[in-house]
Amino acid sequence: MYHLQRAYDFDAQSGQHAVLLDRLWPRGLSKQKLEGVVWEKDATPSTELRHWLHEDHEGRFDSFSTRFTQELTDSEVAQQALQRIRSLHREHGALTLLTAARDPEHSHLSVLARVLKQRGKTAH
């Protein structure tokens, strides 16, 4: 199971295993607060795609989902990052996916979780 959560709300002492999935480190968040959290920048949207989405989040989210899924599929580096995330998930049974976005359910994390679940079924 993948849980989606804001990085600012995550408690590293909770015992949950987590992966930070933002290209940039969350503003104002100390590295100590996320001690032990894996940071996978390679499984995040490109800078260009992020900027494009932020111009009209509501109007572009469906197209963003398609484009981000394609980025993940086309990039060997992203595929390697997805494999590392799947390995952590298999190892721990549950994994929390973290982002600085205000609404993780309507961010790249929801797209990423869907890709991880779909492709994860055939990867075992």
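**Briefing on a predicted protein chain**

Histidine 89 counts as buried, at 17% relative accessibility, where buried means under 20% relative accessible area, exposed over 50% and partly exposed in between, with a 1.4 Å probe and protein chains only. The model is predicted, so local features need pLDDT of at least 70 and side-chain atom pairs count only at pLDDT 80 or more, while totals for chains, interfaces and linings use all residues. Residues are numbered from 1 along each chain as its sequence is written, and side-chain values use heavy atoms, with hydrogens and water left out.

**Overall form**

- The protein chain has four helices and four strands, where helices (H or I, at least four residues) and strands (E, at least two) are DSSP runs numbered from the N terminus.
- Along the sequence these elements follow the pattern β-β-β-α-α-α-β-α, and the chain is as compact as a globular protein of its length, because its radius of gyration of 14 Å is close to the 14 Å that the globule rule gives for 124 residues; the radius is taken over C-alpha atoms, and the rule is 2.2 Å times the number of residues to the power 0.38.
- Taken along the principal axes, the box filled by the C-alpha atoms is roughly 40 × 35 × 20 Å.
- Of the 124 residues, 41% count as buried.
- Among contacts (heavy atoms within 4.5 Å) with a separation of 6 or more, 63% are between residues 24 or more positions apart.

**Nonpolar cores**

- The largest nonpolar core has 25 residues, and those with the most contacts inside it are Leu21, Phe64, Ile85, Leu97 and Leu112; such a core is a set of buried Ala, Val, Leu, Ile, Met, Phe, Trp, Tyr and Cys residues joined through side-chain atoms within 4.5 Å.
- At least two residues of this core come from each of strand 1 (2–6), helix 1, helix 2, helix 3 (76–92), strand 4 (95–99) and helix 4 (108–123).
- Helix 4 gives the most to this core, with six residues.
- Another core lies apart from this one and has eight residues, among them Phe10, Leu29, Leu34 and Leu98.
- Leaving aside neighbours within four places in sequence, phenylalanine 64 is in contact with Pro45, Leu49, Trp52, Leu53, His108 and Val111.

**Helix 1**

- In helix 1, the residues Leu49, Arg50, Trp52 and Leu53 are buried.
- Seen down the helix axis, these buried residues fall within an arc of 165 degrees, so they line one face of helix 1; the arc is that of the directions from the helix axis to the C-beta atoms.
- The buried residues of helix 1 pack against helix 2, whereas the face turned away from the buried side carries the exposed residues Glu48, His54 and Glu55.
- Arginine 50 belongs to helix 1, which covers residues 47–55, and it touches Arg23, Leu24 and Pro45, not counting residues up to four places away in sequence.

- Threonine 69 lies in helix 2 (residues 57–74) and is buried, with a relative accessible area of 18%.
- A polar atom of the threonine 69 side chain lies 2.8 Å from the backbone oxygen of serine 65.
- Not counting residues up to four places away in sequence, threonine 69 touches Val111, Arg114 and Val115.
- Histidine 89 lies in helix 3, and a polar atom of its side chain is 2.6 Å from the backbone nitrogen of methionine 1.
- Apart from its neighbours within four places in sequence, histidine 89 is in contact with Met1, Tyr2, Ala94 and Leu95.

Terms used. Polar contact = N/O pair within 3.5 Å; in protein donor to acceptor, adjacent residues only side chain to side chain.
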